[in-house]
Every structure is written in C-alpha cells, then in structure tokens.
Amino acid sequence: MDTIEKRRLILLYMLFFTYALTTSVVGTFMVDLLNDFQMEVSTGGIFTVFQYIGCMAGVFLSGFILNRYRKKELCLATFGLLTVLLLAMSKINRLGFFLLLLFLMGMTSKSLDMIVNTTISMQHEEKKGMYINLLHGCFGAGSVLGPLLAAWMLKISLSWQTVYGCFGAGSAALLALFAVFYSDAEEKPVQGQAEKKMDFTVMREPGMYALMLALFCYCGHQCGINTWVPLFLQYRFGVSLFVGSVGTSVFWIALVIGRLACARLALHVKEETLLGGGLILAALLHLAGILVPHIAASMAGYAAAGLFAGAAIPLILTLGYQSCPDRQSSVSVVLFLCISLGQAVFPWVMGLICDAAGLVWGMLSNAACLLGACLFVRLYRSKVKSREIIC
C-alpha cells in the first residue's frame, strides 16, 4: 500500500470515528430529554425510532447514488451535511424540530456509513475482513468516547444542545482536513464498481436472508444498549449519570478490543466460525450479567457482549460481500436496511417492555436479541454447507 492509499484509509477511518461519536449519545441525554420535553419513560424510544427511520431512508438514498458519483464527493457531501445538522442541534428547544433533525442525521450518517464500508470493501478485496473489522473498530472507539464526553460535558453544566454543537465544531475541522488531503486520492477501478444499478436478487443467494435476520437481531441488541443502559443502571443501582454512561462505554471498549482481535483472527479463522462462537458466548454471559443483581455483574455482562459479539456487523458484512463480489453495492443496501430496521424497532420495543414489566425485563429482551442472532447465524452455516454439498 503506497502513501496516498494509507492517507486515504486513515482519513476514512477518522470520518468513521467522528461519525460514531454522534450516534451513541442519545442514551446519555435520555434523562434530560425526557425532562425537557416532559415525556414518560415508555415514550423515550421514539428518539431512536426517528433516528433509525432516517437511517432506513439513508439506505434507500444510497441505493440510488452509490454507483452514480465518485466516493470522494459522496463522503464530502454526506459528512458535510452531518456537520451542519450537528451544529443545528445546538439551537433546538422543541420536540418536533429535534425529531426532524434526528431523522435527517440518521439518513445522512447511514449514507456515509454505507459509502465508506462499500468503498473499503471494493478497494481491499484480498483482506477485506481485516480492513472492515478495523473500520468498525474505529466506530467502536468513537462510540466509547461519545457517551463519556457527553456525560462529562453535562456534568460541568453544559446543556445537551451545547454538546451537540461541540461535536459539530469538531466535525467541521475534520471536514476541512478531509477536503484538503483527500483531493489527490484517485479511485482505482474494481469489479464491484461496474455495478450500474441495484440488484436485489442478491437476497436469493444461499443464506443471505439468514445474514439479514442476524443483522436485524444483533443491531437491535447493540442499539438497545446505547439507548437504555445508562437509564437502567441509574434506576436499578442508584448510580450517577456518569457511572451509568460508563456501562455503555464498557460495552464499546470491549467491542473495540473484540473487533481488533477479529481483524487479525479473520486472516486465519473462517468468519462464520468467529461469528457463531462469539454470539453464543456473548448471549450467555450477557444474560448472566443481567440476572445477577449487582452492578459489577451488569458491567461484566456488557463487556462480554462487546468482546465476543462486537465484531458481528463487520463479520456479517464481510460474508455478504464475499457471497456477491460483483454486486457489493446491492449487498450493502440490503444488509444496511436490516441494520437500520433492527436499530429502529428494538429500542422502541424495549421501552414498551420496560414500562410494562420493568427495566430488568427490558434488558432481558436485549439478551434475547443476541440469542436470535445466534440462531440465524446457525441457519446461515447450514445453508452454506448445503450449497457446498450440492456443488
């Protein structure tokens, strides 16, 4: 890899890290949001619903633009719009406008997510498992830092609007850096870029629908932790907002470690083996952490979920891209739609469960998402084996 390629890769990873800072802070703001907008706990899931409905819109938008424009211009446009939206958040004081901006942020960030993932997959065919895991490791690192930064800023008496404004200012600085130093990075021709329009027949590939459902379940689990863990720890154990946010950060720290480890392991171990074994371990240990009524057990359960299942998204994406190397943009649209659906549906459902049966049952439903992902990965492996036998 030459110097320009390395610079290009680092810049894309920096974009992903910065975008991740903004996606994991809604849970940290939850108490303030519920108080400022005079809402009940059961309705708190509406924030992630709007954000991830926007993500679904971003998936469909990306389906139309992904192969029509150069990836550099698409990255600049989407990250630039995300920066503007973050700055606009600093002026919000009405629920309707806040939900609208969450929708637009979801749409923009998911478009950026798809563009960067597809670009790296196309440009690094031989070791895509490693590079995609490293990319999502950067996302995990941003998701670790986001809640901690947000909680610290709230602790020093800044409002949640000001926190969004600070993130927007940082994004603006990175946007300028990207515009200057990415200009000489040319896109090399690759097989997947010959794809002129979306081909949804990729869903007919053996095991693809199982990967889609596994992503749906896993992303519900991940977003549920982002949304409800700070509130769960505050109410169940009486801890402060900062300590509650540490629960989310423990999950993401372990997730980063898991993804970095899988980036190396993927060079020697099959992705489906890493995925299946990690999910079952994570589900069992996360479940144990919820059932044991001690904050240390809860923290250990979140750490186990992040460490052993944290690489689920990049591993599933890698398996999907490998199944259809000539239709990688179409695979991105299909799989990212499932990601957004899981992120939109499950946190809202968890909020309803928390309100009806209590926070513990809400968190148990989060562990159930991991178990569902386990079952669908097992189904994928059986479909792939059946295809190999037929061939």
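How many salt bridges does a search of the whole structure find? The search turns up 2, where a salt bridge is a side-chain nitrogen of Lys or Arg within 4 Å of a carboxyl oxygen of Asp or Glu. The structure is a predicted model, in which local features need pLDDT of at least 70 and side-chain atom pairs count only at pLDDT 80 or more, while totals for chains, interfaces and linings use all residues. Residues are numbered from 1 along each chain as its sequence is written, and side-chain values use heavy atoms, with hydrogens and water left out.

Helices here are DSSP runs (H or I, at least four residues), numbered from the N terminus. Lys110 and Asp113 are both buried, a word that stands for under 20% relative accessible area, with exposed meaning over 50% and partly exposed in between (1.4 Å probe, protein chains only).

The other pairing brings together the side chains of Glu205 and Arg327, at 3.0 Å from N to O. This one ties distant parts of the chain to each other, the two residues being 122 residues apart. Glu205 sits in the loop between helix H7 (160–181) and helix H8 (208–237), and Arg327 in the loop between helix H12 (312–323) and H13. Arg327 counts as buried because its relative accessibility is 15%.

Moving on to helix H13 (residues 328–357), this is where Ser332 is found. With 0% relative accessibility, Ser332 counts as buried. Setting aside residues up to four places away in sequence, Ser332 touches Met114, Thr118 and Tyr321; contact means heavy atoms within 4.5 Å.

Another buried residue is Leu255, at 0% relative accessibility, and its place is in helix H9. Beyond its neighbours within four places in sequence, Leu255 has contacts with His136, Gly140, Tyr218, Gln222, Gly306, Leu307 and Gly310. Leu255 and Leu145 lie 110 residues apart in sequence, and their C-alpha atoms are 13 Å apart in space.

Then there is the surface. Ile253, Ile257, Ile280, Leu281, Leu284, Leu285, Leu307, Phe308 and Leu371 make a nonpolar patch of about 740 Å². Two or more residues each come from helix H9 (241–265), helix H10 (271–291) and helix H11 (295–309), and H10 gives the most, with 4 residues. Patches are built from residues with over 30% relative accessible area and no salt bridge, joining like charges within 9 Å and nonpolar side chains (Val, Leu, Ile, Met, Phe, Trp, Tyr) within 5 Å. The accessible areas come from the Shrake-Rupley method with a 1.4 Å probe, and for residues only the protein chains shown count as cover. Among the patch members, Ile280 is in helix H10 and counts as partly exposed because its relative accessibility is 38%.

Two loop residues round out the picture. Gln38, although not a glycine, has a positive phi of about 55°. Gln38 lies in the loop between helix H2 (26–36) and helix H3 (46–65), and at 75% relative accessibility it counts as exposed. Ser157 is not a glycine either, yet has a positive phi of about 75°. Its place is in the loop between helix H6 (128–155) and H7, and with a relative accessible area of 68%, Ser157 is exposed.
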